[in-house]
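Let me put the structure up and talk you through how its parts meet.

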Amino acid sequence: MNSQTKFSVAPMMDWTDRHCRYFHRLMSKNAQLWTEMVTAKAVIHGDKKRLLDYDAQEHSLVLQLGGGDPKEMATAAKIGQDWGYDEININVGCPSDRVQSGSFGACLMQTPDTVAQCIEAMGEVVDTPLSVKSRIGVDDMQNYEELTNFIEIVNNAGCDNFVIHARKAWLQGLSPKENRTVPPLNYDWVYRVKKDFPKLTIGINGGITSLSEVNEHLSQVDNAMLGRAAYHQPYLLANVDQEIHQSSRPVISREQVLLEFVAYMKKQQANSVPVRSMTRHILGLYHAQPNAKKFKRLLSGKVVEIDHLYQWLDQGEAFAES
Ligand SMILES: Cc1cc2nc3c(=O)[nH]c(=O)nc-3n(C[C@H](O)[C@H](O)[C@H](O)COP(=O)(O)O)c2cc1C
């Protein structure tokens, strides 16, 4: 995140793909959006267009890389810069077995020197701002000082921008999903990091569910990141510019969001993108509205067609009680 960023939607594998991000961007111009984690190896050797392409509307956009080899991370960062990303982030928070077996993700918290070497190598080849998304610790890292030691070493290598998921990751015995709920949240440690390193940009993440909570966190740290709440209740993004960034733009309606997303889907469909791979991200648009179930049902049928959404809008279904 750059120093102006106050709010971001978290990187979420299989969720925050380019279609999801386009949908989110319709609701907030100021939120920073993040890609899913892409491994450095995939960026270097894989189908770059498929992995890295995005719509120009998606800026400001962070590319999150997974990896722990400084050379590979530098090469991938350079490719990300050439692709036009606004920031390149290192994932130091993912606890999955696959990621651990590649010696990256959350286990890198135990080897801050490796993260520092990656930052150094990346900084030598790109001007794009770099950042690190971490946990507050892993496994037997019990002390706050171990977290500050990590921050200090990585900062000395040239990174002044951290997003901290305010819970530890347990590398054995918990699934990635459990690792997002079982280890307790500890916001105080993230607040302390900001107090102890006031010059660094510090973002907080984990368990935040509303914009009023975001504003509370912003009295302690520089920015707040929402993951699951933003995905499942996406319409909360419609108030981010007004409530977090003091924009005077009118709040976009759900129906306008839908209309604009349908126009986007039509274009993508012409490029052979399956409709369902896009509609799956908008199931929560009517969350907590009387017609929420009806909307989900409309998008969960055997056949999902864009025309169904036009009908929903044309027939005033969007406004009807279910
Ligand atoms: C489905 C899913 C996939 C995720 N994938 C990533 C990822 O690719 N990179 C990452 O740093 N964190 C990933 N996360 C973790 C989130 O970025 C975030 O740190 C976590 O969900 C806590 O924030 P929340 O409580 O607001 O959801 C993922 C989370 C979910 C739910």
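So, ten residues of domain 1 touch 13 residues of domain 2, where contact means C-beta atoms, placed from the backbone, within 7 Å. Before I go on, this is a predicted model: local features need pLDDT of at least 70, side-chain atom pairs count only at pLDDT 80 or more, and totals for chains, interfaces and linings use all residues. Residues are numbered from 1 along each chain as its sequence is written.

Domain 1 is 7-241 and domain 2 is 254-319, with bounds from an automatic or database domain assignment. Their centres, taken over C-alpha atoms, sit 30 Å apart.

Which element gives the most to domain 1's side of that contact? That's α1, with six residues. Helices here are DSSP runs of H or I, at least four residues, and strands are runs of E, at least two, numbered from the N terminus. By class, domain 1's side has seven nonpolar, three polar and no charged residues. Nonpolar means Ala, Val, Leu, Ile, Met, Phe, Trp, Tyr, Cys and Pro; charged means Asp, Glu, Lys and Arg; the others, Gly among them, are polar.

Now look at α1 (residues 18-27) against α12 (residues 254-270): they pack at about 150 degrees, axes 10 Å apart. Axes are lines fitted to C-alpha atoms over the stretch in contact, and angles run from 0 to 180 degrees between N-to-C directions. So α1 is roughly antiparallel to α12, the label for angles over 145 degrees. His19, Tyr22, Phe23, Leu26 and Met27 of α1 meet Val257, Glu260, Phe261, Tyr264 and Gln268 of α12.

Methods: Parallel < 35°, antiparallel > 145°, perpendicular 65-115°, else oblique. Contact = placed C-beta atoms within 7 Å.
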